[in-house]
Amino acid sequence: MSDQLVVEDLSAGYNDMPVLHDVAFRVPKGAVTAIVGANGAGKTTLLATVAGLIKPSRGRVTFDGRDITGARADALPGLGLALVPEGGRLFPFMTVQENLQLGAYAPNARPHLAARMREVMDAFPILLERRDQHAGKLSGGERQMCAIARALMCRPALLLLDEPSVGLSPLMAERVLEIVTRLAREEGLTVVIVEQRVTEVLEIADEAHILDHGRIARSGTAAQFLADRSIQETYMGL
Amino acid sequence: MSNREQRLAWRKTGGVKTLRHELPVTFGALAALGALVAAMSGDSFTLNILASTFLFAGLATAWNVIGGLGGQFSLGHSVFFAIGAFTVSNLYLGLQVSPWLALLPAALLSAVLGVLISWPVFRLRGPFFAIATMAMTEVLLSLSLYFDRFTGGSRGVSIPFRAGLQNMIFRDRLSYALLMLGFLAVCLVVMAAVTRSRLGYSLQAVRDNEDAAAAAGIDVLRTKLAGMAISAALTGMGGVLYIMYVRVADPPTLFSLFDIGVKMALIALIGGIGTIYGPMLGALLIIPLESWLRAELGGSIPGANLIVLGFILMLTALFLRRGIVGGLKRLWSRPGAAKGAGR
């Protein structure tokens, strides 16, 4: 299986505060890759750096064979890389439909807007019911679904998900993770997911990396991590 | 796919409001204001107040493009107002160019200046952006006093009275009221068009969350600059109309932070920031009230109008977070909400 995303020796942070140190990992095409770790390990910073929201101080990010290191965030959806930020970050005063429409803002996504809107509404029927409702009035689960749907509007090849289950009830979190699994298994979407619910995310992931104090501490298959009690105790606090 | 086809694809999905949905309300509101002007056609004092009201309604609507829709709380819009005024005064007095023709270069110059001075300032967010725009006003005021060849320095500029449509100078107040109503109409239509365009949605996305907007593929800086250019261009046009109306103005008046820059923002805030008709409603409340207070109390209690304005702003902040329009919407939706709750 070829790699969709390659991260090499990536270092990044906020102004004078370095957060990531020489992070390196690969994401195979069509796989679900989980990034797990304690609070403050640098998971969100890692996704934000890959998605172009933070400029790396060194290292390289390659997406589909193309060097995207330091590329502007707004250019990446057009290349097929979409980010679902933590908490969804919907535009609260816009309707669900308007939020989704903005997901297809990339010039190459605009011609397929109407068709993609139908596909996304088919995949998330609840959004069809709520299409004229302000996004700020959605429930937590609906909000997360809308955020994922908005990211799918640009027909991405790689989806970066930052804690999609944060603030959701266990049942709703399970539903969101089911959707992620379906997108990967049925639509062949490559997914990188950062999650606090370690056991649940390892159950749906193919590969996993443990981030500890801004460095990749361990890498392996999700099954290996689930089976290794010592890893869970040392790095995941399970 | 051409840009036009892309715009059509954007609209074809349905469920998203377009300019077509807004125009009937816009023209309805303008017709009502036109009827008000007609009813007051014999009363010079009221027509004067109406002219000021429409001018500030237009200016606050122009500010709202970047301040309300884009969330960039500029307090330096008096700069574009002054640029418009000085452009027309120089073209009219120096080259005998009709003020009607001068509207275009005034708008263009304001837009270009808006882009140039906003470029570095847009890196700042929230209160830092607002402070930077205030500082920008002071810098440009000092420069305008220094370059007195164009601005008249501390003496200002004076437009001689040569009545005539081609000179945009009229003997009667009715013509000025209609002129300012026309300006408000242009600002409202532009605001409605921007709000319901892809640029408008991008501005709102940038306002709500810049990182999420960028992650959705929106070029944040370009969006802000486009919003600022439109807002500055309209404000510059307002400056043209203002100086042809008062015919005497100096840099401290035109660059005034409170009387122009802050006032535009306050009117939009009180009326309903980010809404199409909020600034118009804000101006309809504030300007006549301020004029009345100044006339009634100005002699006995100087500054009383400012106390009342401050009080209105406090009440708005406490009870009408989304301005008059937000309050009206809440009132409008209350019976429906009650019905929904009962079901």
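1. What percentage of the 343 residues of chain B count as buried? The figure is 47%. A residue is called buried if 20 or more other C-beta atoms lie within 10 Å of its own, exposed if 12 or fewer, and partly exposed in between, with C-beta atoms placed from the backbone. In chain A, 50% of the 238 residues count as buried.

2. A word on the model. It is predicted, so treat it as such: local features need pLDDT of at least 70, side-chain atom pairs count only at pLDDT 80 or more, and totals for chains, interfaces and linings use all residues. Residues are numbered from 1 along each chain as its sequence is written, while chains are lettered from A and ligands numbered from 1 in the order in which they are written.

3. Chain A has 10 helices and 10 strands. Chain B has 16 helices and 2 strands. Both kinds of element are DSSP runs, numbered from the N terminus: helices are H or I with at least four residues, strands are E with at least two.

4. Chain B has a radius of gyration of 20 Å, close to the 20 Å that the globule rule gives for 343 residues, so it is as compact as a globular protein of that length. The radius is taken over C-alpha atoms, and the rule is 2.2 Å times the number of residues to the power 0.38. For the 238 residues of chain A, a compact globule would have a value near 18 Å; the chain has 17 Å, which agrees.

5. The C-alpha trace of chain B spans about 65 × 45 × 35 Å. The C-alpha atoms of chain A fill a box of roughly 50 × 35 × 35 Å.

6. Two residues are in contact if their C-beta atoms, placed from the backbone, lie within 7 Å. Take the contacts in chain B with a separation of 6 or more: 78% come from residues 24 or more positions apart. In chain A, 68% of contacts between residues at least 6 apart in sequence join residues at least 24 apart.

7. The chains also touch each other. Chain B gives 22 residues to the contact and chain A gives 29. On chain B, α1 (3–12), α9 (198–208) and α10 (210–215) each supply at least two residues of that side. By class, the side of chain B that touches chain A has 12 nonpolar, 6 polar and 4 charged residues. Nonpolar means Ala, Val, Leu, Ile, Met, Phe, Trp, Tyr, Cys and Pro; charged means Asp, Glu, Lys and Arg; the others, Gly among them, are polar.
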